[in-house]
Amino acid sequence: MFHWLEERPFFFAVGVFTVVSFAGLIEILPNFAEASRPTVGTKPYSTLELAGRHVYIADSCNACHSQLIRPFKSETDRYGMYSLSGEYAYDRPFLWGSKRAGPDLHRVGAYRTTDWHENHMWEPVSVVPGSIMPAYKHMFSNQADIETAYAEAVTVNKVFNVPYNTNITMRDGSTANVKLPATYDEAKADVLAEAKIIASGMKNQDVKDAVERGEIPQIVALIAYLNSLK
Amino acid sequence: MGGNQTPLAYDYTVARLFLYATILFGIIGMTIGVFIAFQMAFPELNYLFGEYGTFSRLRPIHTNGVAFGFTVSGIFATWYYVGQRVLKVSMAESPFLMVVGKLHFAVYILTILLAVVTLFAGITTSKEYAELEWPLDLLVVVFWVLWGVSIFGLIGIRRERTLYISIWYYIATFLAVAMLFLFNNMAVPTALVSGHGDWYHSVSWYAGTNDALVQWWYGHNAVAFVFTTPIVAMIYYFLPKESGQAVYSYKLSLLSFWGLMFVYLWAGGHHLIYSTVPDWMQTMGSVFSIVLILPSWGSAINMLLTMKGEWNQLQSNPLIKFMVLGSTFYMLSTLEGPIQAIKSVNALAHFTDWIPGHVHDGTLGWVGFMIIASMYHMTPRLFKRELYSKSLMETQFWLQTIGIVLYFSSMWIAGITQGMMWRATDEFGNLSYSFIDTVVVLHPYYTVRAIGGLLYLTGIFIWAYNIYKTITDGRKLEDKELNVNRSPMSAN
């Protein structure tokens, strides 16, 4: 049978493809409906948070930081409650990472502050002596791309029904509603209002001035994103 | 069939182009690799090139550069050499396939150069080994399809009716990568839907846990079908050729090939152990990883036994050294991987430096050595020149071997140290170490690793120099001098 195949490239290729496809069909397909349901209290990212997520991705923070707390006591003691599938329902792409040169960040918003991130991103060793993380000073002057973040929010809302402008029940029983305005100009105003809250917790005068002028430096967006990780 | 009495004049135009690309991307990808390894030991090195020079910005360029630059060029270079020879047909016989081959090279080079530029600019999807944004993904599809046309086109006009083992592996590489790449890179361009923002930005089709599942089904099998099957294709051709020995066992080849095809794809789940994907998938990933030892070792043992009775060549021929040690590193790596996939070991090893350690004993020892040896074997035939220096090859071999040993031994120690410290508790059950303690302690191992990488990179430069000198200054060879197994090489 194998000799027969080896003389017939077409059937050989079909054979290889069949054998190779099996695993994907059985392992991957059945999970899709199950895993994409959000847990109670999981809400979509705001436009500013998405812009911060883009900064996180552009600088490949995920090359050194995971966002996946495994169900071990040593991990829950260090990082908080272990991660649940539904918490990632709006993560496109997922950012679990595969290497911890630095600590996990899945719940970093629960124990670090705007102020801490500001100092840390400017000069990591000033808050963590011995840190090997680079400083990311360019994030204090480069502008976040709010329009692309808005484009992404609109896209996931349209294509994947991510629930913007919808009341979402939080864990404490309250409701949250993440706004996604119909026009980009309205969205910009919302983003700026959110950015001002972040900037008010920061010390860097250039950043504060920029936000006053209506600009959004990358660091503001990034901190908004990191604060949302709880 | 195959009764052509005069030897065929094979056309190696495209093979030569891909050989240059292999060397170029090897140098670029590995230089960046060594640089970022030094950055982990000496963080001040992060500030040499502003925002473009941080570890995080450079790491995807390293991984893409060595995987899709160096390795994939090497795969294509060997295809355009091995394909013609085992199918007994010259590319010169088909003007169409020549055009396809050259176009394949042109689109490929364009894609990789654009990849480097966009990754420097921070344009990435963040998915490992699938970082490129959708316009570049489309270019990848184009050159991959062109490669497919080349493979099946050449097979279509072949004189040798039976497909040799190497061809099986090239076909498998082509098909599996096509499937994996297409599914994992499914994304929606956001500007097309919303009319806003960067035109090249996209958002993944899959969310969260599903995205992770598809990504590691892809990521793990990119390892299978970029770092394994095409490299096995190389060793099945080049080791028997260089040594003049017949492949030890056809049945073992069969078992290994079909076994590998069936088992490999299941093992992706071992990247997601203790994550939020369902438990049964994690267990499947774990179990199939163990089963994977069989077909992997099958190929490696088949290659080692091919040398039966001819082990003296290991001493006299540096190319045999590279290939035999490559095979041995393949065995090491395919035993280490399954060990790391055992749940209790994974709990310790995951997220630590043991993982990059494992990746590198496979890529440096197996993939790197096989590509180096393949290019050395091809060069005299592509340029009709004698290899410039045997002694430089010996020097390169030992420098790189020491480099690999330093690399993986330091990363084993670093990874296990890190894993143990993360979970260590005092007598009251409190964590003994803060995270930064587990970073600071690794400094010596990061330094040793970087030195190991530097030794390996030095070997790459020697390799590039040796091939360059062969092409420019090597003694010209007559056709009959090329009609031998052992590659002609100058003793100096």
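In this predicted model, Ile290(B) sits in helix H10 of chain B, which covers residues 279-291. Ile290(B) has 16 C-beta neighbours inside 10 Å and therefore counts as partly exposed. Leu213(B) lies 77 residues from Ile290(B) in sequence. The C-alpha atoms of these two residues are 20 Å apart.

The loop between helix H9 (250-264) and H10 of chain B holds Leu272(B). Leu272(B) counts as buried because 25 C-beta neighbours fall inside 10 Å. Leaving aside residues up to four places away in sequence, Leu272(B) touches Ala212(B), Leu213(B), Trp216(B), Val277(B), Gln282(B) and Gly285(B). Gly429(B) is 157 residues from Leu272(B) in sequence, and the two are 27 Å apart in space, C-alpha to C-alpha. Tyr274(B) also belongs to the loop between H9 and H10 of chain B. Its phi is near 65 degrees, a positive value in a residue other than glycine. Tyr274(B) has 19 C-beta neighbours inside 10 Å and so counts as partly exposed; the threshold for a buried residue is 20 or more.

Ser126(B) likewise takes a positive phi, near 80 degrees, without being a glycine. Ser126(B) is placed in the loop between helix H3 (95-120) and helix H4 (134-156) of chain B. With 22 C-beta neighbours inside 10 Å, Ser126(B) counts as buried.

Helix H1 of chain B runs over residues 13-41 and has 29 residues. At 1.5 Å a residue, H1(B) should span 42 Å, and its end C-alpha atoms are 43 Å apart, which agrees. Of the 29 residues of H1(B), 21 are buried, so the helix is largely enclosed by the rest of the structure. Helix H5 of chain B, residues 165-184, has 20 residues. From first C-alpha to last, H5(B) reaches 28 Å, close to the 28 Å expected. H5(B) is mostly covered, with 15 of its 20 residues buried.

Chain A contains 12 helices and 2 strands. From the N terminus on, its elements run α-α-α-α-α-α-α-α-α-β-β-α-α-α. The C-alpha trace of chain A spans about 75 × 45 × 35 Å along its principal axes. Chain A has 230 residues, of which 46% count as buried. Among its contacts between residues at least 6 apart in sequence, 70% join residues at least 24 apart. The domain assignment divides chain A into domain 1 (2-35) and domain 2 (47-228). The centres of these two domains, taken over C-alpha atoms, are separated by 40 Å.

The largest nonpolar core has 221 residues, and Val220(A) and Ile171(B) touch the most other members. Both domain 1 (2-35) and domain 2 (47-228) of chain A give residues to this core, so it lies between them. Not counting residues up to four places away in sequence, Val220(A) touches Ala195(A), Ile198(A), Ala199(A), Val207(A) and Val211(A).

Helix H11 of chain A, residues 205-212, has as its buried residues Val207(A), Ala210(A) and Val211(A). Seen down the axis of H11(A), these buried residues fall within an arc of 95 degrees, so they line one face of the helix. An α-helix has 3.6 residues a turn, so residues three or four places apart point the same way. The face of H11(A) turned away from the buried side carries the exposed residues Gln205(A), Asp206(A), Asp209(A) and Glu212(A). The cover over the buried residues of H11(A) includes helix H8 (138-141), helix H10 (184-200) and helix H12 (218-228) of chain A. Just after H11(A), Gly214(A) takes a positive phi of about 95 degrees.

A cis peptide bond joins Arg92(A) and Pro93(A), with omega about -5 degrees. Pro93(A) lies in the loop between H5 and helix H6 (114-122) of chain A.

The contact between the chains takes 71 residues from chain A and 73 residues from chain B. On the side of chain A that touches chain B, the elements giving two or more residues are helix H1 (2-6), helix H2 (9-27), helix H3 (31-35), helix H4 (47-58), helix H5 (73-79) and helix H9 (146-160). H2(A) gives the most, with 12 residues. The residues on this side of chain A divide into 40 nonpolar, 16 polar and 15 charged.

Methods:
Residues are numbered from 1 along each chain as its sequence is written. Chains are lettered from A and ligands numbered from 1 in the order in which they are written. This is a predicted model: local features need pLDDT of at least 70, side-chain atom pairs count only at pLDDT 80 or more; totals for chains, interfaces and linings use all residues. Two residues are in contact if their C-beta atoms, placed from the backbone, lie within 7 Å. Helices (H or I, at least four residues) and strands (E, at least two) are DSSP runs, numbered from the N terminus. Ala, Val, Leu, Ile, Met, Phe, Trp, Tyr, Cys and Pro count as nonpolar, Asp, Glu, Lys and Arg as charged, and the others, Gly among them, as polar. Domain bounds come from an automatic or database domain assignment. The expected span of a helix is 1.5 Å times one less than its number of residues. A residue is buried if 20 or more other C-beta atoms lie within 10 Å of its own, exposed if 12 or fewer, and partly exposed in between; C-beta atoms are placed from the backbone. A nonpolar core is a set of buried Ala, Val, Leu, Ile, Met, Phe, Trp, Tyr and Cys residues joined through C-beta atoms within 7 Å. The arc is that of the directions from the helix axis to the C-beta atoms.
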